[in-house]
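Keep the sequence and the 3D view open, and try each task before you read its solution.

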Amino acid sequence: MAQGKLRSLFVSLSPRWYSTRQESKIWRQKPNRKAKLSIILTEDVPTLGFKGQVVKVNHGYGRNYLLPQRKAVYATPVNIATHNAWKAEKGRLSLASEQQLLTNFLAGKVLVIGQEKDTKWIMYPQHISMALRHQFQLHAPLDSIQLDKPLTSFGNYKVGVKVDDSTTLTMEVEVVPKETRGASKSVQAPAV
């Protein structure tokens with residue numbers, strides 16, 4: 001009788017039986033269906049998100065860590081409305097400051113484009129855009145450069161650069177004869 005109990009104890013402790021039983025337990029577990037807590041981050045949290053982002057976290061993590069340390073606030077309708085107003089104001093301020101910086105940067109700057117004397121050429125907005133990128137490292141989309149007509153001769157021209165729907169900056173473009181070899185590189189329009 002003692003041998004039978006010993007054998008059943010040995011069989012019950014064998015690794016094969018243990019692993020089979022554990023695998024069957026895993027499949028029987030119910031998933032965690034608890035709803036997550038929605039919060040708005042008030043500062044950057046490295047593993048979670050950036051300031052102003054609405055994220056969902058476990059209740060304990062939010063209540064015990066993020067909220068007491070004032071790294072987040074509850075995402076209530078009032079807080080979400082305040083957050084959206086803050087984002088809109090921040091967007092307006094940053095757009096206005098970027099426009100002011102661009103205006104200050106381009107004020108008094110002259111875009112110099114060199115062309116060969118002997119060939120006939122025509123300069124379109126894409127050539128001015130390339131020259132802006134080359135000389136000032138400034139990206140200007142083609143639809144933002146306003147030319148009355150293509151440039152075809154040497155001289156000084158006023159060109160409009162559209163910053164947004166209501167703001168257009170006037171910039172001076174100087175088309176000069178291209179210097180001889182060894183001179184600085186400049187953007188040129190293709191010969192016609």
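**Exercise 1: The surroundings of Val173**

Task: find which residues Val173 touches, not counting residues up to four places away in sequence.

Solution. Step 1: look for contacts, meaning heavy atoms within 4.5 Å. Val173 touches Leu111, Ile113, Leu151, Gly155, Asn156, Tyr157 and Val159.

Before you go on, a word about the model: it is predicted, so local features need pLDDT of at least 70 and side-chain atom pairs count only at pLDDT 80 or more, while totals for chains, interfaces and linings use all residues. Residues are numbered from 1 along each chain as its sequence is written, and side-chain values use heavy atoms, with hydrogens and water left out.

Step 1: Val173 belongs to strand E7, residues 168-177. Helices (H or I, at least four residues) and strands (E, at least two) are DSSP runs, numbered from the N terminus.

Step 2: Val112 is 61 residues from Val173 along the chain, yet their C-alpha atoms are separated by 6.0 Å.

Step 3: decide whether Val173 is buried or exposed. Buried means under 20% relative accessible area, exposed over 50%, and partly exposed in between (1.4 Å probe, protein chains only). Val173 has a relative accessible area of 0%, so Val173 is buried.

**Exercise 2: A histidine in a helix**

Task: is His127 buried or exposed, and which backbone nitrogen does its side chain reach?

Solution. Step 1: find His127 in helix H5, residues 125-136.

Step 1: apply the cut-off. His127 counts as buried because its relative accessibility is 8%.

Step 2: follow the side chain, which reaches the backbone nitrogen of Tyr124 at 2.9 Å.

**Exercise 3: The whole chain**

Task: how many helices and strands does the protein chain have?

Solution. Count both kinds: there are 5 helices and 7 strands. Buried residues make up 22% of the 192 residues.

Definitions and conventions: Polar contact = N/O pair within 3.5 Å; in protein donor to acceptor, adjacent residues only side chain to side chain.
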